[in-house]
Amino acid sequence: MSCNSVLTLAAGEKQRILRFICQYANDNEPVCVFVSGGLDSDVVARLCVEALGEDRVRLVFVLQDDMEEQYGQNAYQLASDLNVPIDEINLCGMNVALVKAAEQGNPSLFCADSLLDPNRAKCSLRTALISGYQDKGFLIAGTSNCTEMKLGFFMPFGDNLAHFKPIAHLYKTQVVQLARELHCRENVISQPPSAAFWKGQEDLTDLAYWMINRAPIMGKGRKFSDEDDNNMKRIRAGLTQEAIDYALYAIDKEYDANTAAELSGLPLEHISALRDIVVSAKKWKNRPLLKCLE
């Protein structure tokens, strides 16, 4: 099976997204984009400005502990490129305070000295700000892409919350193509995808651990052995963003494992692990919100 075209950005896709934004954000409503210094939020901000004009878009950059300086620099350069205002909100230290308070309430669930809880709390704090900007009359533009959605690389009550999501139907590989069409800066396009929770964090490294776990790492997480760490390095060495996206595409289309392996270039054991992650993500991460009795 040829993989030359299945993830090629469709002709006219940018214009289709721009129309979607214009149709959603009506009556001169202002839009807020929480920018991280990463590619996805960069692309969404540029789309919103092109669709609505610079006078209707505001950027928000949340400064948190252990962030690499490049992300803040990218965010401010983006605001300059687009000639839009940017609010910097310093939440350093608040994530640990939040988890300590939660730990006092339920020490069996929360741990301020762990890796996961304080870093996931960074996302939870952004949720509070999203709520605040929404309450001030802003529409919130989501920045998640299709790769993240299928893998469960988000918190349902965190970075998943938005009024509209312009790129949630695009795999990361397609987002990169769109970024070049939007003239995003090359340093933003080429940097490794990351949640930027701690220095040196990369999404593909996290995914390699998830593949060992065969599911999103949730709850208190999992203690990985030295053998697990060595397996992670082996898995990570064979991963590329394009290979992951082709595998996810094949899984979504319900292709058999051999076809998925051929399309992505990944071994069958990786396809099996990714399929398990997608199934778990559907159960734990992608359940519909706001479900009501009809």
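Good morning. The axes of helices H4 and H5 come within 8 Å and cross at roughly 105 degrees; axes here are lines fitted to C-alpha atoms, for helices over the stretch in contact, with angles running from 0 to 180 degrees between N-to-C directions. That makes H4 roughly perpendicular to H5, a label given to angles of 65 to 115 degrees, where under 35 is roughly parallel, over 145 roughly antiparallel and the rest oblique. Helices (H or I, at least four residues) and strands (E, at least two) are DSSP runs numbered from the N terminus.

This is a predicted model, in which local features need pLDDT of at least 70 and side-chain atom pairs count only at pLDDT 80 or more, while totals for chains, interfaces and linings use all residues. Residues are numbered from 1 along each chain as its sequence is written, and side-chain values use heavy atoms, with hydrogens and water left out.

Which residues of H4 meet H5? They are Met94, Asn95, Val96, Leu98 and Val99, and on the H5 side the partners are Asp117, Pro118, Asn119, Ala121, Lys122, Ser124 and Leu125; contact means heavy atoms within 4.5 Å.

Let me stay with H5, residues 116–135. Its 20 residues should span 28 Å, and its end C-alpha atoms are 29 Å apart, which agrees; the expected span is 1.5 Å times one less than the number of residues. The buried residues of H5 include Cys123, Leu129, Ile130 and Tyr133. Buried means under 20% relative accessible area, exposed over 50%, and partly exposed in between, with a 1.4 Å probe and protein chains only. What do these buried residues pack against? Their partners are strands S1 (31–34), S2 (57–63), S3 (86–90) and S4 (139–140), together with helix H4 (94–105). After H5 comes Gly137, whose phi is positive, near 105 degrees.

I turn now to the aromatic rings. Rings of Phe, Tyr and Trp (its six-membered ring) pair if their centres lie within 6.5 Å; planes under 30 degrees apart count as stacked, over 60 as edge-to-face and the rest as tilted. By this rule there are seven aromatic pairs. In one of them, Phe20 and Phe164 are edge-to-face, 6.3 Å centre to centre with 65 degrees between the planes. Phe20 lies in helix H1 (residues 13–24) and Phe164 in the loop between H6 (146–151) and H7 (172–181), so the pair ties together parts 144 residues apart in sequence. Phe164 counts as buried at 3% relative accessibility, whereas Phe20 is partly exposed at 35%. Phe20, Tyr24 and Phe164 form one aromatic cluster. Thank you.
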